[in-house]
Amino acid sequence: MDKKLKDFQNWIDTYSSALLNRAFYLLSNREDAEDIVQDVFVAAFDSYDSFKGESSPKTWLMNILKFKIADFYRKKYKYSGDIKLNHFFNNEGFWKEDNVIGEWQNTEENLLDNTVFNDVFSDCLEQLPSKWLITFKLYYLEEKKSDIICQDMGISTTNLWKMLQRSRLHLRECLEFNWFKM
């Protein structure tokens, strides 16, 4: 077995789990995450000769994963359907409810340590329209800068901030209904 195949098999055995976990965290879909990780290894195999060893193989593979996920979101964003705003706004563009933001009674200090809350939060995230979910994950979970997201998605800064604002409002309403008023 030549060095390339030996190294590559070792990378698959060693880094598949970490890549899959990261991809699943960013995509929230197991099948998409598995497909992306396969694409990462195909791209890594094709460009093996360009790996100079200046970083660890894991860092190199994670970097490929980052670009594959950006491509995935770019394609999904570009081809997803229209966003329906009628949940929050009437036909004239005004808020349906004046009391959009209610008071939360936080009984726990570290909600993110609560697995039941995390499940509810994940369910609320998945209810977001795909365009909102993509920008939300890129901005808050992957911590990309707004100008990079706008460039990658081909949207204006104003559009990004509106999507993030509407995502937060939807998440807040979902959490109020499914967690705080339980």
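In general terms, a disulfide is a covalent bond between the sulfur atoms of two cysteines.

The model is a predicted one, in which local features need pLDDT of at least 70 and side-chain atom pairs count only at pLDDT 80 or more, while totals for chains, interfaces and linings use all residues. Residues are numbered from 1 along each chain as its sequence is written, and side-chain values use heavy atoms, with hydrogens and water left out.

The structure holds 1 disulfide. Another cysteine, C150, counts as buried because its relative accessibility is 8%.

The overall fold can be described next. The protein has 7 helices and 0 strands, these elements being DSSP runs numbered from the N terminus (helices H or I, at least four residues; strands E, at least two). From the N terminus on, the order of elements is therefore α-α-α-α-α-α-α. Of the 182 residues, 34% count as buried. With contact meaning heavy atoms within 4.5 Å, residues 24 or more positions apart account for 71% of the contacts that have a separation of 6 or more.

The interior comes next. In soluble globular proteins, nonpolar side chains tend to be buried together. A nonpolar core is taken as a set of buried Ala, Val, Leu, Ile, Met, Phe, Trp, Tyr and Cys residues joined through side-chain atoms within 4.5 Å. The largest such core has 44 residues, and W11, L19, L61 and I69 are those with the most contacts inside it. Two or more residues come from each of α1 (3–27), α2 (30–46), α3 (57–79), α4, α5 (130–141), α6 (146–153) and α7. Helix α1 gives the most to this core, with 8 residues. Apart from residues up to four places away in sequence, L19 touches V37, V40, F41, L61, M62 and L65.

Helices α5 and α7 can be followed through particular residues. W132 is found in α5 and counts as buried, at 3% relative accessibility. L164 belongs to α7 and is also buried, at 0%. Although they are 32 residues apart along the chain, the C-alpha atoms of L164 and W132 are separated by 6.8 Å. The C-alpha atoms of W132 and R168, 36 residues apart along the chain, are separated by 9.5 Å. Leaving aside neighbours within four places in sequence, L164 is in contact with T135, F136, Y139 and Y140.

What is the space in the largest pocket? About 370 Å³ lies there. A pocket is an open set of points on a 1 Å grid over the protein atoms alone, where a 1.4 Å probe fits, with protein on both sides within 12 Å along at least five of seven lines; lining residues have an atom within 4 Å of a point. Grid points are joined across faces, edges and corners, and the volume is the space filled by probe spheres set on the points. The pocket is lined by 15 residues, of which Y25, N118, F121, S122 and L125 are the closest to its centre. Helices α1, α4 and α7 each give two or more residues to the lining, and α4 gives the most, with 6 residues. By class, the lining has 11 nonpolar, 3 polar and 1 charged residues, where Ala, Val, Leu, Ile, Met, Phe, Trp, Tyr, Cys and Pro count as nonpolar, Asp, Glu, Lys and Arg as charged, and the others, Gly among them, as polar.

Two loop residues remain. S28, in the loop between α1 and α2, has a phi near 60°, a positive value in a residue other than glycine. S28 counts as partly exposed, at 29% relative accessibility. E143 lies in the loop between α5 and α6 and has a positive phi of about 55° although it is not a glycine. At 64% relative accessibility, E143 counts as exposed.

Notes: Disulfide = S-S within 2.5 Å. Buried < 20%, exposed > 50% of the residue type's maximum accessible area, 1.4 Å probe, protein only.
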